[in-house]
Structure formats: structure tokens, C-alpha cells
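Visitor: Here is a structure I would like to question piece by piece. Shall we start with the strands?

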Amino acid sequence: MFKRILKLEWKSFFRSANFTKGIAIKILLAFFAVYLMVCFAALGAGAYYFSANAVPTVDPLLTVCRCIVIWFLADLLIRFFAQKLPALNSKALMVIPIKKKTIIHYLLLKSSISAFNVIPLFFLFPFGVALLIKGYAVTNVLFWVLSMVVLVQVNNFINFIINKSNLFFYGIVSLLAICVLVEYFGVYDVISPIGDLYFSLYKQPFFVLIPLGLLVLFYVTNFKNFLQCFYLDDGVLSKKVKVVASSEFLWLNKFGDVASFLKNDIKLIWRNKRPRMTVIMSLAMLLYGLLFFTNSIYGEGGSVMHVFAAVFITGMFMMNFGQFVPAWDSAYFNLLMSQNISMKQYLNSKRILLLLSIGVLTLLSLPYFYFGWKIGMLILVGGVYNAGVNVPALLYLCSFNKKRIDLEKSAMMNYQGMGIAQWLMIIPMILIPMGVFGLINYVVSFNVATGVLFCLGGVGLAFQNYIFSNLVVVFKKRKYEMVIGFQQK
Amino acid sequence: MIVSENITKIYNNNTVLEIEKFEIKKGQSIGLVGNNGAGKTTFFSLLLDLIRPTTGTIKNNGIIVSESDSWKNFTSSFIDESFLIGYLTPEEYFYFIGELRGQNKADVEALVSQFSDFFHDEIIGKKKYLRDLSKGNQKKVGIVAALIGNPEVVILDEPFANLDPTTQIRLKEIIKELTQNKAVTVLVSSHDLSHVTDVSDRIVVLEKGRIVKDLETNAATLTDLEMYFSN
């Protein structure tokens, strides 16, 4: 039976509509995965020597064991946000004669070969080899590595239990916070004893039974949980329906004929996971400036990297949200295209939204004047450049968007909707302002370089109506492709 | 009201629609029937300028739909769930459509309140997003939204499918009321022959993209259609 389910999965992977289309992104992801593996392997191979150097008085294996305590906790946190139980078209399988138990076993086993569990192996195996080279007892090392692999799997199954309720999550977070505080203030050393436990797994090979026992315990707990709630209206397969409050945003009415769209966009952003994350990310990125403006390796007040930071932090929302512009509305694009509105009004509402975001982010960045007037000026100029050059450039590139976006999926590691436009964006967004500024700053002066960027933005703003009416024509031409593209799931 | 000339739509050498001349007079209610793949939805999509015809033009009240947007002022439609905004409550969705069609909140509320029995207390004031409603209730919202703003042309693709019997009967009354003054042109497609003959004064049968029958509705139409489709 497993074989048949596997066949289904295989087909669903290779026959999915965007399999060939997203090949560039898949290659990029593959590179990223290889990069991670190499990093982990290097870390594994080197860990013994690092620890021997860092803490010469302690057995390096013991030092690594203590670090692993923190790794496992961090792993659990990352899993909570990023790892979900592998989806399978369970609804279709529920009514055909496959045993429920088989499906659940399959789902659970499939989860244990996820990247979260495979990548740690790239650390553990080289580390084990390093131990063997250094003359640690062979049996003990083998069983220690086995124990660690099993513990990674234990984490895997703990995660699904935690995922069921936020209570567990807050429990883990507060436990972690307490540990860190206790450790930090030296009240009680928590990490070392747990590290010692891991170390004892090396000393006594038969202790491997403990992680194995835990694994069985958590596997069975998960299995029972899923078996109980393997119904459409319960647990894994259903989504909770929330009671919601209507909201009006009357203050937006002053934007005239595009007000209804702006209100809609604000609802879109607050009520859907993925766009909401882009807002939170944009606000968090405001702090990114600190990294650039306080660190002298990026040069003193007014370097090329500062231009990058200024454009980046004031335009973060514009880039993050703007890059997918018509695609956010992909689920109901047909409605918008057959309603009593012109493409011009529609695009204009998006443009106003992006301009508003640049205004707000620029205002919020003003405290960076603290780091000198040059940096302050760059932020203001960055805002103007974003508004004048980047917004039209971005909207033009958006006319190539024809990939659907599901609003309710998380934004983390989500490449849905990505296409060539997202890569081309980098040129006007970042390379041009950095290049122009760098060159003129080098040849003439900071003031002239800033002035030129400001003028570029100013020219864009002065001709915005002309540029905009051309954009509308481009969008009208591409509309039909969008209609088809946005329908494809 | 609607004139289509030499319309064809070809996908990869596969002709899905080929209609030489098709004219709908103002105030007519047209029922479009045909088996799956006959081209009903393709025709509606062409009419709404969501896809482009391979050849030919469609005029809606004298306006070529692919050249100007102004037909949208008086045309409204509900084709499928891609016409619903999932993250709005039904009320918000009605107000949104109302705003686009120049109706204020009070206008929209007045219109929507006429449909309280159609909604059967399952839609208004439930504080749920559209995406959390059942398929049938979503459909009701879409159909009522297509009636906002006194449209002169109303296009409904398979409005009877997925609805319960009470609602189907109520929907027939709604469509009949809409057309009784001969001011609103209604286009309805359906697989339910009896419903569609009930509400339309002209039935057009499509088969493999061509019009094979074009009948004024009378007492014998339903039997005619049943005969036709059973062969």
C-alpha cells in the first residue's frame, strides 16, 4: 500500500502545474540546500578542533554535547515556525479502502525524512569520523551518533505535538527564557548537566535505548493523536473558522475614486498570512539600518553601502509587497477585470499604497539622523528615489507577473509567485542607485552625488502621470495572460 | 444589446467556439444550454473580455468589449468563485461592489435586504469571511452581488448548480422579476433544462462551440430539449 501512495506522490510532484515553470527557482533552492549541507559538513568536521581550541581543559566531545543542547532547542523553535506535517491529499484517500492507520503511518514516516532531519546528518557523520580519527572508541562513537540521529527524530515528533497548540509553544519559549536567564546570571548551570547526559550516551553505548524509547513514545503519541482526529471537521484536516469584525477605514475616503481599493488592500494585508508577514518584515527591517550605520566597515557617513541601506529600509514594503502586485489579487482577478473600474484606477490605488508605505517608512527612519546629517540626508533621498524611480520601475516589472499567490500560506521560504520580474527588480532598486552614487561621490563629491539621486527621484515624480499612463497601456495588453496565469493553481 | 460577429476561439488548433452571428435584444432573457465543453463559459468569458477571441468582435450596447471599458458600467456578472474576495465578510463584499458601481451603503443595504429569505439567515451578520462559507452560500453572495447597481446586462454562469431546491425556486423568481419589465438583459447558462426554460424567453443550445438550436421558449420547448439531449 505504501508503494501505491508513493506512486501518487511521485506523480503529484512531477505533474504539478508549476513543476517546469519554477525550474529556475528549484535550481536556486537546490544550490541553497547544497550550500547548507556543505556548511554543516564543514562544521561537523571542524567541530572537534574548534572545541579543543576553545576549551582545552574539557573533552571536546563534552563541549560539543553542551552546544548540542542549545542546537536542539533552537531546532525545535525553527521547526515550530517552518515545519508542517507533510500534506497529502488525505481527503481523497479517506474514502477509498486504505486503512487510516496506513495513511497516518505514511504521513509520519514521510515527515521523518524531511530536510530538517536530513541536514543534521551532514553535521553528525563528519563529526563522528573526526572522533574516530582522534582515537575515540569505535562502538561508543557509533552508538553516540546513532543516539543523536534518534534525538533529531524525537525533535521531529515533539514538534507535531507542540504544533497542535500555542500553549505548548509558550511553554517551550518560557522554559527556554528561564534557562537562558538562569544560565546568564549564573544562578544555576542548566546546559552543562544536559550536555553531560548527552555525553553519557557516548560513555554507555546501551543508553541508546533511552532516545529510542523516547522516539517510540512520541511516535505513538502522534499516531494516536492523528488517528483520533483524522476527520474532516477535526484536527489536521480542518481549519478553524474565526469570528471576525467588519472594519471600515473611513479615513481612506479622502483618496477619492481609489479609496475603495485602498480599503480593500488594507484588509488584504491584515487578514491574510502572507501579506501580513511582509508588513512585519518591513518594520523589522527598519532596524537593519543600525547594522550599516553603526559599523565602520561600511565607511563613515555616506558610503555606497549607506545608500543601499537607505533605499532598502525606506523601500522594504514597496519591494516586498509591490513585487507581487497584481498577483495578490489573483484569487479574484476576474472579478476586478469585469467590474466597473478602469485599469488606471486599479493601478493607481496600488501606486498610492506603495507611495504611502515609502512615506511612512521614511518617517520612521528619521531617527537615523542621530548618526549624522549625511546618513539622514541619504535616507530622505532614498525615499524620494524609491518614490520617483523604483515605484514606476517596479510596477512595470509587475506587468510580467502571472503566477498565482495563495494568500493564506506563510511567507517564509515561500517561492510561490516568483518569476523573472523578481530578479530583474534588483537592477533599478539597488544596483543603479549604488552605482550612480558611488561613481559621482568618488569623482565629484557627496553633495553632488546625493543631489543627482534626489534629481532622479524628482524627475520620476515630475513625469509620473506620463509614465503612469504608459504603464496602464502595458497592463491592459498583458491582462489576458494574467487572467489565465492567475487561474492556475 | 449584444451583437457578436464571426466569433471564433481556437486553442492549439482546437476550435472551442465558432459563432457566426448572434444577436441578443435588449430585455431578452437568454438561456444557454449545452453539455460540458460546449463553449458556454468560453462565450461568457469573451463577453466579459477575460479572454480574447481568435477572430471576430463582440459588441455590448454598441461598445466593442475588447476596445473600451465602458460596457462595465452597465454589465455585471457572476461566473465562479474567482469573482469572490475570500477575505471579506459578505457585507463588506457587497459594499465593495456597491462602491465600484456608484452605490452608497444605504443603497446596497436596501437592495440586499430584499434577499433576506434567499439568504436564509446564513449570510448576513454571521461575522464570517467569504472563504469560510459553504459553496452554496458563496454562490448566493456572488449572485446577489451581481444585482447591485441596477445593471442592464446580467450574466450568470450556472447559477442553479450547488443550490438547495428552495433557493433554486427563489432564484427563478428573482430572475423573472428582473426581466419582467424588459429593461434588463439576462444571460444564464445551466445544465438544468427545466429551470432554464422557466426563466428564459429564448434558449440557445451550444454543441462543440456551435449554435445548434435557437428557440423562442414555449410550452413545447422543454420536451424538445429533453429529446435533443437524450440522443
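Visitor: Which residue in S4(B) stands opposite Thr8(B)?
Guide: Thr55(B) stands opposite Thr8(B). This is a predicted model: local features need pLDDT of at least 70, side-chain atom pairs need 80 or more, and totals for chains, interfaces and linings use all residues. Residues are numbered from 1 along each chain as its sequence is written, while chains are lettered from A and ligands numbered from 1 in the order written.

Visitor: How do you know that strand S1 (residues 2-11) of chain B pairs with S4(B)?
Guide: Count the bridges. Two strands pair if DSSP finds at least two bridges between them. Five bridges join S1(B) to S4(B), and the strands run antiparallel, so the pair qualifies. Strands themselves are DSSP runs of E, at least two residues long, and helices are runs of H or I, at least four long; both are numbered from the N terminus.

Visitor: What makes S1(B) and S2(B) a pair?
Guide: Nine bridges join S1(B) to S2(B), again in the antiparallel sense. In S2(B), Lys21(B) is the bridge partner of Glu5(B). The two strands form a hairpin with two residues between them, where Asn12(B) takes a positive phi near 40°.

Visitor: How do you know that strand S4 (residues 55-60) of chain B and S5(B) pair?
Guide: S4(B) and S5(B) share two bridges and run antiparallel. The rule asks for at least two, so they count as paired. One bridge partner of this pairing is Ile64(B), which faces Lys59(B). Asn60(B) stands opposite Ile63(B). This is also a hairpin with two residues between the strands, and Asn61(B) in the turn has a positive phi of about 55°.

Visitor: What is the strand order in this sheet of chain B?
Guide: The order is S2-S1-S4-S5, in an open sheet of four strands with antiparallel pairing.

Visitor: Why are S2(B) and S5(B) called edges?
Guide: Strand S2 (14-24) and strand S5 (63-64) of chain B each have a single partner strand, so one side of each is left without a neighbour in the sheet.

Visitor: Which residues of H3(A) and H9(A) make the contact?
Guide: Among them are Leu61(A), Leu62(A) and Cys65(A) of H3(A), and Ile191(A), Tyr198(A) and Phe199(A) of H9(A). Two residues are in contact if their C-beta atoms, placed from the backbone, lie within 7 Å. By class, this contact has eleven nonpolar, two polar and one charged residues. Ala, Val, Leu, Ile, Met, Phe, Trp, Tyr, Cys and Pro count as nonpolar, Asp, Glu, Lys and Arg as charged, and the others, Gly among them, as polar.

Visitor: What makes H19(A) roughly parallel to H23(A)?
Guide: Helix H19 (residues 373-398) and helix H23 (residues 464-487) of chain A pack at about 5°, with axes 10 Å apart. That angle is under the parallel cut-off, so the two are roughly parallel. Pro392(A), Leu395(A) and Tyr396(A) of H19(A) meet Gln464(A), Ile467(A), Leu471(A) and Val474(A) of H23(A). These divide into six nonpolar, one polar and no charged.

Visitor: Into which domains is chain B divided?
Guide: Domain 1 (1-74 + 152-231) and domain 2 (84-151). Domain bounds come from an automatic or database domain assignment. The C-alpha centres of these domains of chain B lie 24 Å apart. Their contact takes 14 residues from domain 1 and ten residues from domain 2. Helix H6(B) gives the largest share of the domain 1 side, four residues.

Visitor: Where are the domains of chain A?
Guide: Domain 1 spans 2-237 and domain 2 spans 250-487. The C-alpha centres of these two domains of chain A lie 38 Å apart.

Visitor: How many residues of chain B are in contact with chain A?
Guide: 27 residues of chain B are in contact with 26 residues of chain A. Helix H2 (residues 90-100) of chain B gives the most to the chain B side, with five residues. By class, that side has twelve nonpolar, five polar and ten charged residues.

Conventions:
Axes fitted to C-alpha atoms, helices over the stretch in contact; angles between N-to-C directions. Parallel < 35°, antiparallel > 145°, perpendicular 65-115°, else oblique.
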